[in-house]
Amino acid sequence: MSNQNQLALVKKDTVDVVADKVKTFQEQGELHFPANYSPENAMKSAWLKMQEVKDKSGNPVLETCSRDSVANALLNMVVQGLNPSKNQGYFIAYGKTLTFQRSYFGTMAVTKRVTGAKSIDANVIYEGDEVDYEMKNGRVQNLEHKQKFGNINKENIIGAYCMIDLGDGDVYTELMTMDEIRQAWSQSQMWGKGQQKEKEGSTHDNFKQEMAKKTVINRACKKFINSSDDGSLVINHFNQTDEAVEEAQLEQELEQNANSEIIDIEYNEAPQNDQQEDQSEDEAIYDAVDQQEEQATDTDGPGF
């Protein structure tokens, strides 16, 4: 069978099936997209992106990954109203399972859509900055941050915060210390066993400010969304996206270790999925560039 014919069959079993399912959700009133979002265009962009994605062995994921996982990854993306052409997410293969992973731009987009947030802003706190806030009912409120220009140094970051403005003076604030941020980073496959801080020259070191903001934004959005009582289709798929990634990672690890002898040794670097590392670093670079462009063109954007 020619490659074109094989792709046509995969498309019929995935893109067309998902398109019909999304249409059914819309007809039943379970799913409503923003006026400026076209699920058809988003799926076309995703289909083009997926044809470029390869697994760890360098094989096209549309040839190696199960069609069910391709369809599920596509469905999770569309229901959340995201588009990979806007750097709102990307596709990564774990073994024979294709997953869709949101970028932090995607997480912000879903949060704004679900909560009606006016803006989502983040900033880092440097040693010597003045920070004051109140704790009311277990929530950070009335945070004030005074920063001196001379304090700005990526080696002196002591924390970061994200503020979700819901309008009418209602602001949700998430505050993290640098230790908490590094604890989140330590879950990455790029973080070595026993590693205490970011390695010189790594993504977390070169883009420390941006990565710290990204981490606190993700935590703020996820905690805020999951604190609501909304059991909508969008929120269900928001959580399913993360769960699918974790399950795929576990399945891949079990498969890799199934026939391997376990040897207890010390090592400096954690085993890495080469494609995932490259994709994560690319995302960090794209996010940093996009962030600068948004600063210059969109005063209502993320604001950092």
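The points below cover salt bridges, a helix and aromatic contacts.

The model is predicted, so that local features need pLDDT of at least 70 and side-chain atom pairs count only at pLDDT 80 or more, while totals for chains, interfaces and linings use all residues. Residues are numbered from 1 along each chain as its sequence is written, and side-chain values use heavy atoms, with hydrogens and water left out.

**Salt bridges**

- The count comes to 10 salt bridges, where a salt bridge is a side-chain nitrogen of Lys or Arg within 4 Å of a carboxyl oxygen of Asp or Glu.
- Glu-174 forms a salt bridge with Lys-223, with the closest N and O atoms 3.2 Å apart. Because Glu-174 lies in strand 7 (residues 171-177) and Lys-223 in helix 9, this pair ties together parts that are 49 residues apart in sequence; helices (H or I, at least four residues) and strands (E, at least two) are DSSP runs, numbered from the N terminus.
- Glu-174 is buried at 5% relative accessibility, whereas Lys-223 is partly exposed at 43%; buried means under 20% relative accessible area, exposed over 50%, and partly exposed in between, with a 1.4 Å probe and protein chains only.
- Glu-198 and Lys-208 meet in a salt bridge of 2.8 Å, N to O. Glu-198 lies in the loop between helix 7 (178-185) and helix 8 (203-206) and Lys-208 in helix 9, so the pair ties together parts that are 10 residues apart in sequence.
- Glu-198 is buried, with a relative accessible area of 6%, and Lys-208 is buried, with 2%.
- A network of salt bridges links Lys-154, Glu-155, Arg-182, Glu-198, Asp-205 and Lys-208.

**Helix 9**

- Helix 9 (residues 208-226) has 19 residues and reaches 27 Å from its first C-alpha to its last, close to the 27 Å expected at 1.5 Å a residue, the expected span being 1.5 Å times one less than the number of residues.
- Helix 9 is mostly covered, with 15 of its 19 residues buried.

**Aromatic contacts**

- The whole structure holds 4 aromatic pairs, which are rings of Phe, Tyr and Trp (its six-membered ring) with centres within 6.5 Å, counted as stacked when the planes are under 30 degrees apart, edge-to-face over 60 and tilted for the rest.
- Phe-33 and Tyr-37 have ring centres 5.1 Å apart and planes at 35°, so the pair is tilted; Phe-33 is buried at 16% relative accessible area, and Tyr-37 is buried at 12%.
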